[in-house]
Amino acid sequence: MGSGAGEKGRTERRPVLFPFLLSLFGLALSEQIRYRIPEEMPKGSAVGNLAKDLGFSVQELPTRKLRISSEKPYFTVSAESGELLVGGRLDREQICGKNPACALEFEVVAENPLNFYHVNVEIEDVNDHTPKFTQNSFELQISESTKPGARFILGSAHDADVGTNALQNYQLSPNDHFSLVNKEKSDGSKYPELVLKTPLDREKQKSYHLTLTALDFGDPPLSSIAKIQVVVTDANDNPPVFSQDTYRVSLLESVYPGTTVLQVTATDQDEGVNAEISFSFSEASQIPQFDLNSNTGEITILNSLDFEEIKEYSIVLEARDGGGMIAQCTVEIEVLDENDNVPEVIFQSLPDLIMEDTELGTHIALFKIRDKDSGHNGEVTCKLEGDVPFKILTSSRNTYKLVTGGVLDREQNPEYNVTITATDLGKPPLSTSSSVTLHVGDVNDNAPVFHQASYVVHVAENNPPGVSIAQISASDPDLGPNGSVSYAIVASDLEPRVLSSYVSVSAQSGVVFAQRAFDHEQLRAFELTLQARDQGSPALSANVSLRVLVGDRNDNAPRVLYPALGPDGSALFDTVPRAAEPGYLVTKVVAVDADSGHNAWLSYHVLQASEPGLFSLGLRTGEVRTARALGDRDAARQRLLVAVRDGGQPPLSATATLHLVFADSMQEVLPELSDLPVPSDPQAELQFYLVVALALISVLFLLAVILAIALRLRHSSSPAAWGCFQPGLCVKSGPVVPPNYSEGTLPYSYNLCVAQTGKTEFNFLQCSEQLSSGQDLLCGDASGVMFPLCNSSELTSHQVSFL
């Protein structure tokens with residue numbers, strides 16, 4: 001509890017503790033300490049034991065470091081005892097003026113932990129001011145014709161004290177003609193009026209000397225006197241009369257000098273000089289803010305008004321006629337407050353650095369708001385400008401805390417320019433802004449981030465070992481070791497034991513190296529999982545996939561699948577009907593290339609033909625078709641040398657030899673089988689072949705007739721020996737199935753019929769269309785003799801698709 005000592009031996013102790021809620025979130029208790037002391041206490045006088053009233057022990061004082069947060073050093077705190085001491089002269093009249101309640105409010109700041117405590121010290125008035133008149137003497141001129149009961153306003157006294165210590169009464173020295181009446185203004189101040197009790201007679205007495213005493217009710221009471229001289233003038237029967245006894249007007253404090261406040265009017269029923277009226281202030285020295293036109297009675301603003309200094313003016317005006325008669329009126333001028341003071345934002349404490357992992361609701365700074373205006377004009381609200389992760393909490397009246405209200409991220413905002421705007425409730429409102437810069441400290445809260453979601457790299461096969469094939473890159477926005485990134489391979493679809501023989505990665509640069517030459521035909525693609533890790537504690541990491549696509553080079557030549565050589569190395573033959581029309585599909589050259597893309601895009605070209613112009617070759621399909629009908633001079637056996645080239649740069653190629661025989665039946669083909677070499681001059685041997693063919697046909701016809709008769713006569717013969725002579729039958733020998741290639745650039749599908757019996761093999765290539773019931777396929781026996789026809793439904797047929 002605090003104590004205060006007053007003058008003249010009077011001492012009074014009146015502490016009051018008011019707890020209230022300091023913060024919505026912290027729930028900290030703020031105590032308001034109240035003391036009451038008399039004014040004019042000596043410097044160093046003890047007001048009260050502040051530390052004890054706040055609940056602090058003497059041992060805590062060095063740590064808590066109590067100090068006063070006030071603009072004027074009215075009080076201090078003893079560092080040893082914690083007592084609140086008077087720090088300077090406390091003049092209640094100078095501090096609060098005529099305000100009936102006078103209190104000094106300030107904040108006491110305690111550190112470790114930091115907190116505010118509000119202290120209210122009420123200053124009691126002592127009777128240290130004597131009532132004083134503005135003049136030591138007054139002169140009144142009263143006409144002898146003035147009737148009893150007339151009143152005359154006298155000069156008033158002023159007392160700076162308040163309450164019972166202020167001016168309370170006026171007294172007039174005893175006399176037979178005058179009495180005194182105490183009057184009170186609207187502001188509570190009092191003034192005297194002199195009342196004429198009996199008529200005056202100038203011829204008997206020209207003047208009267210009176211004494212006016214002003215007293216207060218202090219203990220002891222103080223007083224002062226003023227001399228009044230009443231001069232009795234000759235009869236001026238009618239004094240001036242104001243239109244109103246009291247004029248009231250309200251002015252905004254912002255009115256400009258020169259503005260007319262109001263105009264008073266007075267009339268006098270006399271004539272001549274006695275009716276000439278002039279106006280004046282009764283106490284001109286007390287009203288420097290206004291000017292009065294003595295002729296018109298117009299009051300104007302002389303100096304600027306300030307509501308914060310003076311809120312109301314009470315002015316006494318006199319109207320004096322030419323005969324010396326005076327009338328008085330009172331002008332009450334109320335000054336209205338305007339919102340002319342901008343709020344102020346005052347910071348009490350600020351941190352040097354805020355870590356970005358600071359929890360929500362952490363106290364950052366303390367500040368207070370001050371506005372000199374009153375009423376709504378002095379009520380202030382404050383807010384944060386912009387989108388910042390902070391909030392303002394009310395600590396106490398006009399005192400606020402800045403706390404974290406969102407997640408801090410140094411990588412997005414290494415510092416925040418926090419602007420607090422304080423706005424009052426005036427109309428129009430006034431506002432001010434105060435900005436502070438808060439720096440954010442770094443923590444390892446960001447994992448490395450790769451610049452791409454995934455990486456795909458193309459590497460041509462046959463690359464040199466050790467060459468760089470890709471570079472991955474990751475960034476970490478953290479600082480120092482928290483942002484230092486290293487790289488490593490953590491997974492792959494390759495076998496772990498062979499991974500290191502394929503690729504490696506630089507831990508510092510992220511460059512990926514090939515450790516060996518890649519082969520597109522063996523490994524077309526593989527995938528790696530790479531990791532970027534920072535050096536923070538704990539370390540953070542991120543993974544990314546790197547897909548390596550091995551590009552193809554033209555390092556494989558085309559491979560011919562058909563026509564193929566027989567098991568004994570002999571070439572295969574294809575037959576062409578003699579009546580084949582132009583465009584008849586004779587056969588198809590089938591080839592594949594292990595490469596891909598253009599490197600496997602095959603084209604077919606005729607390098608050599610025994611009869612140029614007789615056949616055409618599909619550039620992309622490899623189909624051999626008749627270009628024209630077989631002529632009489634054309635040889636029955638033809639040879640084509642076909643080259644298969646790929647689309648690589650440079651291109652690679654392979655060759656295939658086609659043996660084509662024009663014949664309508666298998667018997668016609670038999671003589672050709674014994675003579676494999678291609679005739680050097682087919683035109684010269686044309687007639688020979690025609691004769692041989694005619695003879696062969698005749699012999700075959702006779703043999704067919706004989707065989708038909710023999711078949712009917714010999715039913716007990718072995719079916720195996722005569723099987724191919726039976727209609728619709730074919731030798732059921734093991735089929736030779738060519739290998740199946742799933743790659744290549746063949747755009748069509750073909751059925752390849754292969755029948756093998758012994759040494760001779762006949763391959764027939766047909767389009768994969770449904771055979772009609774009348775189609776026949778060639779068939780052979782074990783001796784290699786070509787036989788006429790056998791039923792296609794019983795033929796061993798294999799479909800080979802080339803894409």
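Biologist: In which strand is asparagine 115 found?
Modeller: This is a predicted model. Asparagine 115 belongs to the strand that covers residues 115–124. That element is strand 10.

Biologist: Is asparagine 115 buried or exposed?
Modeller: Buried means under 20% relative accessible area. Asparagine 115 has a relative accessible area of 14%, so the residue is buried.

Biologist: What separation do the C-alpha atoms of asparagine 115 and arginine 64 have?
Modeller: The two residues are 51 residues apart along the chain.

Biologist: Which residue meets glutamate 124 in a salt bridge at 3.6 Å, N to O?
Modeller: A search of the whole structure finds 16 salt bridges. In one of them, the side chain of glutamate 124 pairs at 3.6 Å, N to O, with that of arginine 36.

Biologist: Why does the pair of glutamate 124 and arginine 36 tie together parts that are apart in sequence?
Modeller: Glutamate 124 lies in strand 10. Arginine 36 lies in strand 4, residues 29–38. The pair therefore ties together parts separated in sequence by 88 residues.

Biologist: Which residues are linked with Arg36 in a network of salt bridges?
Modeller: Arg36 is partly exposed, at 24% relative accessible area. Its network of salt bridges takes in Glu122 and Glu124.

Biologist: How far apart are the closest N and O atoms of arginine 625 and glutamate 623?
Modeller: Arginine 625 is partly exposed, at 28%. Glutamate 623 is buried, at 10%. The two form a salt bridge, and their closest N and O atoms are apart by 3.0 Å.

Biologist: Which cysteine does the disulfide join to cysteine 96?
Modeller: A search of the whole structure finds one disulfide. Both of its cysteines are buried. The S to S distance is 1.9 Å, and the partner of cysteine 96 is cysteine 102.

Biologist: What is the handedness of the link between cysteine 96 and cysteine 102?
Modeller: Look at the turn about the S-S bond, which is 70°. The link is right-handed.

Biologist: Where does aspartate 187 of the negative surface patch lie?
Modeller: The patch is formed by Glu184, Asp187, Glu312 and Glu334. Aspartate 187 is partly exposed, at 44%. It lies in the loop between strand 16 (178–184) and strand 17 (190–196).

Definitions and conventions:
Residues numbered from 1 in each chain as written. Predicted model: local features only at pLDDT ≥ 70, side-chain atom pairs only at ≥ 80, totals over all residues. Heavy atoms only, no water. Helix = DSSP H or I, 4+ residues; strand = E, 2+ residues; numbered from the N terminus. Buried < 20%, exposed > 50% of the residue type's maximum accessible area, 1.4 Å probe, protein only. Patch = residues over 30% accessible without salt bridge, like charges linked within 9 Å, V, L, I, M, F, W, Y side chains within 5 Å. Areas by Shrake-Rupley, 256 points an atom, 1.4 Å probe, with all protein chains shown as cover. Salt bridge = Lys/Arg side-chain N within 4 Å of Asp/Glu carboxyl O. Lys, Arg positive; Asp, Glu negative; His and termini not counted. Charge placed at Lys NZ, Arg CZ, Asp CG, Glu CD. Disulfide = S-S within 2.5 Å.
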